[in-house]
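Work through the exercises below with the sequence and the structure at hand. Each task is followed by a solution in steps.

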Amino acid sequence: MVIKFVKSIFRFSHSVPVEHRKNFWNLYLDIGWYGVLNGTTIAFLSIYAARMGASAGQLGLISAAPAIISLFVALPAGAWLKVQSTRKAVVWSTISFRVFYLLIILLPILNGLISSRLQVGMITGIIFLMSIPGTALSISFNAFFGETVPQEWRGSVLGIRNAIFAIVTTLSALLAGWLLDSVVFPFGYAYVFGLGFLGAVMSSVHLFSIHPPLNQENATNRQEPKLLKQIFLTLKHQLRPNIFEGPFRTTIILLFLFHLAQYLPIPIFPIYSVNVLKLNDQVISLGTAIFNLALFLGSTQFSRLIRRFRSPVMTGAGMMILAIFPVLLAISRGAPMYLLAHVIGGLGWSICASSIYTYLYESIPDQDKSIHLAWFNLGSNAAILLGSLIGPLIGELIGLQPVLFLYAIIRAAVGYTIARKG
């Protein structure tokens, strides 16, 4: 299957105009190395925090940290992007964001010198700090991708990127599980986080190699006396009410609900896996690998499905499939059902991950992309913040298992609404 997929990428590349091929390949290599980061540091940081004694509320705060920062940074970042070359914005925000992954490596190394409680606090602090450039990267990369990949190629490129991401994340998660099983705790996590930092660096290298052929000279004169004035005027321009006229208003509301339903149960999953199911790191890594293998298999079918169904229908259907994940986790008594939940979850996310941005781009006019993307980022992060903070609180009130069933119902209802109203 993997060999067949690689051959299909080469066939697809030959059909791509010459001026886009190098950029597309760098986009594929970027997401591949990001898959290394995702299968190691991103996948296991919350598990490490849970093993350090973090509560569901603390994990919720860690999940919410990027959203909290984004609420304050999203619109200024969008204004900054409007007067800045998107490529330069991506380069500088990438460097500023990913250097923090180097600090995370030190936590397990210094475990004997730093208490578990302090480590959880340091993880939270690092996530808060790195979320400032991370917000700028999120907004600028979406605009950067829109400039780099023409409309007619976006669905295919997104599908290939998601498939590569899934394959590499799967392999990285399996390697991480082997390391954690082979190296005494907590030093195995230092190796895992080190691999994640390597992936972050190499992903950045390939981002730096991309030169958008579209609107690449979108920056105005960046003389410092004028720059702040331009950002202020752009920020004022962002607040105009007609931004929410047309299909964008419906899209932003539905995607707010999407992210709310997605993140309500997320802080519950690590606590439930570690404290209730008592799963070891090898089983958890296998779950991550299976999730991403299912993500890969689903992503290979995305181009075919998006031609048959509208993107909001695909997004809603993916969310309804994701509703099965917390149900299976709640009824799990060990590894088998836990792993089955990750198969279903990976298939559901393969649909959402590819279709959600297609759905978003369809409602955004060609002009003012960065402004619309900043508002999308603001809305989605408000939903992530709300879900990450109230999700664990409700879980503490009614219990972890009942709340997983409740969040499954909410996910299904939101998915149905998006499919019908989008």
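pLDDT is the predictor's confidence in each residue, from 0 to 100. This is a predicted model, in which local features need pLDDT of at least 70 and side-chain atom pairs count only at pLDDT 80 or more, while totals for chains, interfaces and linings use all residues. Residues are numbered from 1 along each chain as its sequence is written, and side-chain values use heavy atoms, with hydrogens and water left out. Helices (H or I, at least four residues) and strands (E, at least two) are DSSP runs, numbered from the N terminus.

**Exercise 1.** Find where confidence is lowest and where it is highest in the chain.

Solution. Start with the chain: its mean pLDDT is 83, and 84% of its residues reach 70 or more. Next, take the helices: H9 (residues 224-238) has the lowest confidence, a mean of 54, and H15 (residues 324-330) the highest, at 95. Then look at residues 216-225, where pLDDT stays under 50. For this stretch the model has 17 contacts (heavy atoms within 4.5 Å) beyond four places in sequence.

**Exercise 2.** Describe how helix H2 is placed against helix H12.

Solution. Axes are lines fitted to C-alpha atoms, for helices over the stretch in contact, and angles run from 0 to 180 degrees between N-to-C directions. The axes of H2 (residues 18-51) and H12 (residues 281-299) come within 11 Å and cross at roughly 140 degrees. H2 is therefore oblique to H12; angles under 35 degrees count as roughly parallel, over 145 as roughly antiparallel, 65 to 115 as roughly perpendicular and the rest as oblique. Last, list the contact: H2 brings Asn38, Ala43, Phe44, Ile47 and Arg51, and H12 brings Asp281, Ile284, Ser285, Thr288 and Asn292.

**Exercise 3.** Repeat the analysis for H2 and helix H6.

Solution. The axes of H2 and H6 (residues 116-148) come within 14 Å and cross at roughly 160 degrees. H2 is therefore roughly antiparallel to H6. On the H2 side, the residues that meet H6 are His20, Asn23, Phe24, Leu27, Asp30, Leu45, Tyr48 and Ala49. On the H6 side they are Gln119, Val120, Ile123, Ile127, Phe141, Phe145 and Thr148.

**Exercise 4.** Is helix H11 mostly covered or mostly open?

Solution. Buried means under 20% relative accessible area, exposed over 50%, partly exposed in between (1.4 Å probe, protein chains only). Seven of the nine residues of H11 (residues 268-276) are buried, so H11 is mostly covered. The buried residues are Ile268, Phe269, Pro270, Ile271, Tyr272, Ser273 and Val274. After H11 comes lysine 278, with a positive phi near 60 degrees.
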